[in-house]
Amino acid sequence: MTGQLQGHRQIADRRSPFEHLLDLIEKGELRPGHRLRETELAERLGISRTPVREALHRLHAMGLATPGRQRGLIIAHMSYDQLRQLFAVREGLEGMATRLAASHASFAEIALLREMVAEDRRTADRERLVQRNKLLHRQIVQASHNDYMIEALNNLSVHLSLLPGSTYATPSRILTAQAEHEAIVEAIAARDGEGAERAARTHIAEGFAIRLKMLAEAP
């Protein structure tokens, strides 16, 4: 058992400090407005301050951290205009990735996508569904078999991590999102590129509409 735990630690340690910070942002442990203190983060990650400082500079360069009122950086807030731009790009890229998946996904990948949406229907835990939603989107993008598309959407997903909460917190969104996922996957399975792209764009647009509502209702 001890050997297994050490193995897990070694695997985790292979991630860079930057990747560790992205993980904390995505999990909501570092939320918009959170002050990023080098000493605190170094202790949390079990490393020296120098690599933490380099990771913070990288977060700043990517727009994920901004200067706070006091000295140092804070996790960035996403404005309405940034949200609009982000979802416009996401809709276009994911739509294109889904069209490519309809042409290039293997039979095994299609079977996996179908199993994933079926498993979602059997899952009641909301937090688990939030994570499964991310996995499904990533799997569809992987099925595009286009390295540049995969890289572009991986970079975009980093910025999505700044969005607080989940659209699944909205009543009825889980069921409608699952129906949209099924439509996307079945279009991919039918090798219907146009239909797959249309279904994906509709899905992202619906998510954007809910995000706007969440932003308007935020305190």
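Predicted model: local features only at pLDDT ≥ 70, side-chain atom pairs only at ≥ 80, totals over all residues.

Q: Which helix gives the most to the domain 1 side?

A: Helix H2, residues 17–26, with three residues on the side that touches domain 2. By class, that side of domain 1 has six nonpolar, one polar and two charged residues.

Q: Back up a bit, where are the domain bounds?

A: The domain assignment puts domain 1 at 17–75 and domain 2 at 80–217. Their C-alpha centres lie 28 Å apart.

Q: And how many residues are in contact?

A: Nine residues of domain 1 with eight of domain 2.

Q: What area do the two domains bury between them?

A: About 760 Å², with 62% of it on carbon and sulfur atoms. On the domain 1 side, Glu26, Met62 and Leu64 lose the most area to domain 2, together 56% of what that side buries.

Q: New topic: Glu38. Which helix is that in?

A: Helix H3, which covers residues 38–45.

Q: Is Glu38 buried or exposed?

A: Buried: its relative accessible area is 18%, and the cut-off for buried is under 20%.

Q: What does Glu38 touch, leaving out residues up to four places away in sequence?

A: Arg49, Val52, Arg53 and Leu56.

Note on methods. Residues numbered from 1 in each chain as written. Heavy atoms only, no water. Helix = DSSP H or I, 4+ residues; strand = E, 2+ residues; numbered from the N terminus. Buried < 20%, exposed > 50% of the residue type's maximum accessible area, 1.4 Å probe, protein only. Contact = heavy atoms within 4.5 Å. Domains from an automatic or database assignment. Buried area = accessible area lost by both parts, 1.4 Å probe. Nonpolar A, V, L, I, M, F, W, Y, C, P; charged D, E, K, R; others polar.
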